[in-house]
Amino acid sequence: MKIEQIYTGCLAQGAYYIESKGEVAIIDPLRETQQYVDKANKENAKIKYIFETHFHADFVSGHVDLAKKTGATIVFGPNAETDYKAYIAKDNETFKIGDLTIKVLHTPGHTLESSTYLLIDENGKNHAIFSGDTLFLGDVGRPDLAIKSDLTKEDLAGMLFDSLRNKIMSLADDVIVYPAHGAGSACGKNLSKETVGILGDQKKTNYALRADMTRDEFIKEVLDGIAPPPQYFAKNAMMNKSGYDNFETILKKGDTPLSPKVFEAMANNEDALVLDVRNEQDFINGHIPNSISIGIQGGFAPWVGALITDLKQPILLVVPEGKAQETVTRLSRVGYDNTLGYLEGGIESWKAAGKDIETIDSISVDEFSKRFNTQNIQVLDVRKDGEYQSEHLKGDNVKHFALDFINDNMNIIDKNQTYYIHCAGGYRSVIATSILKARGFNNLIDIAGGFGAIKNSNLPTTDFVCPTTL
């Protein structure tokens, strides 16, 4: 028996490769599927099943492409409906790979089709669960993503309570837990940094598995502090239900070098968004006018998903050398399949061609402190709700303007006003500044070092409190 977790940090996502006697099952594969084919070929094994724990909302799964490549059967739990060929399993139905048995435990709550896969070893012992977004380490899945007109988040939370108590907590303490996500995912509130655990430990430490917890207490606690889901979640879930274009085709189109002349013409003719994925300091120092900064070194894909509202948006890339293929891949993982190419030679080739360059005004926290104490300046704190609630700069002129909802809230700020913008360290403030600049806000100043630097200065901040939201 071989079990391998294939963890992708930028998505905080775990896919799984399970093998026995030349037969393989893949659970929740990523969009780029050749890695699983290569792994199976290396082991002289054949991929027999592709198990999906649910219709993922935070990434586009590779199940459709992988099934086409290998002939493997896609398996979903009860209640799933797809536009492509898939096997919809019954609760407690079993599947064989080699000497192993995989049993479907229908565990609705996160979504209606959510299922946990119980792995039974060659001796008939319950060995592990692949719990998807039903059970995380330290948390459980958010129950607000599958709401319908006749179904509330409270209804789903109640289903999740029943699923956990009836299907998972009844298993032995030594069962291994392999969840779909770890810390950094927006699919839960308090996910652990650990990505593999033991069920007995979760029964002792996970707030949602308290033995004396009532159903009403569970519903209240699991719903407390859940921020609205990112806008791309529903769109990714729909792609996972209905299918999508071949990944290799998307990669070939997007990984195309373009001269500055062709790049500029395509930006104009295709109404393309210029997405600059270099680090924030490079963007500050010089960038193409109206381009948007989302650095690939940060939480790239989730921020793209939160901020670029149209999955079909044509995108042109400005990338660090050698990073075009990685960028196109990471965009496709969250459903952005319309990358048209990248600027060959990067920003230096743009400059050499005599094209216009813009910069961002960025000042040190010392300079900001002088201005804050002597002038009536306006400050935008673009951190998340929980970060702001926890601790922030004091002052009537300090406005919380979360980056997550910048597209919805732009009308509350004034294009004629000058704003000083900060996040925690600088990554998000440059994203926010780039978006506002592209929308005609020209009087913007970035605070280098963000709140981390502000906290270590003589500027007044509120007392720290534990945040109540994500």
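Which helix gives the largest share of the lining of the largest cavity? That was my starting point today, and I looked it up in a predicted model.

**Entry 1: the cavity**

Rolling a probe the size of a water molecule over the atoms shows where empty space is left. The structure turned out to hold 1 cavity of 30 Å³ or more, and its volume is about 40 Å³. I wrote down the lining: Phe283, His287, Asn290, Ser291, Glu358, Ile360, Ser434, Lys437 and Ala438. My opening question goes to helix α16 (residues 427–438), which gives 3 residues, the largest share of this lining. I also sorted the lining by class and got 3 nonpolar, 4 polar and 2 charged residues.

**Entry 2: the largest pocket**

Next I went for the open spaces. The largest pocket comes out at about 900 Å³. It has 35 lining residues, and I noted the ones closest to its centre: Gly184, Ala186, Pro230, Lys384 and Asp404. Which elements supply at least two residues each? I found α10 (300–307), α14 (385–390) and α15 (406–409). The largest share, 3 residues, is from α10. By class I have 17 nonpolar, 9 polar and 9 charged residues down for this lining.

**Entry 3: the second largest pocket**

The second largest pocket has a volume of about 560 Å³. Of its 23 lining residues, Leu273, Val274, Asn290, Ile292 and Ala438 are the closest to the centre. At least two residues each come from α8 (260–269), β14 (273–276) and α16. Here α8 has the largest share, with 4 residues.

**Entry 4: two helices**

Two packed helices are described by the angle between their axes and the distance between the axes. I picked helix α3 (residues 153–168) and helix α5 (residues 215–223), which pack at about 115° with axes 9 Å apart. What hand does the crossing of α3 and α5 have? I noted it as right-handed.

Then I listed who touches whom. From α3, the contact takes in Lys153, Glu154, Ala157, Gly158, Met159, Leu160, Phe161, Asp162, Leu164 and Arg165. From α5, I have Arg215, Phe218, Ile219, Val222 and Leu223. Sorted by class, the residues of this contact are 9 nonpolar, 1 polar and 5 charged.

Notes. Residues numbered from 1 in each chain as written. Predicted model: local features only at pLDDT ≥ 70, side-chain atom pairs only at ≥ 80, totals over all residues. Heavy atoms only, no water. Axes fitted to C-alpha atoms, helices over the stretch in contact; angles between N-to-C directions. Left-handed = near helix turned anticlockwise from the far one by under 90°. Contact = heavy atoms within 4.5 Å. Nonpolar A, V, L, I, M, F, W, Y, C, P; charged D, E, K, R; others polar. 1 Å grid on protein atoms, 1.4 Å probe; cavity = no way out; pocket = protein on both sides within 12 Å on 5 of 7 lines; lining within 4 Å. Points joined across faces, edges and corners; volume = space filled by probe spheres on them.
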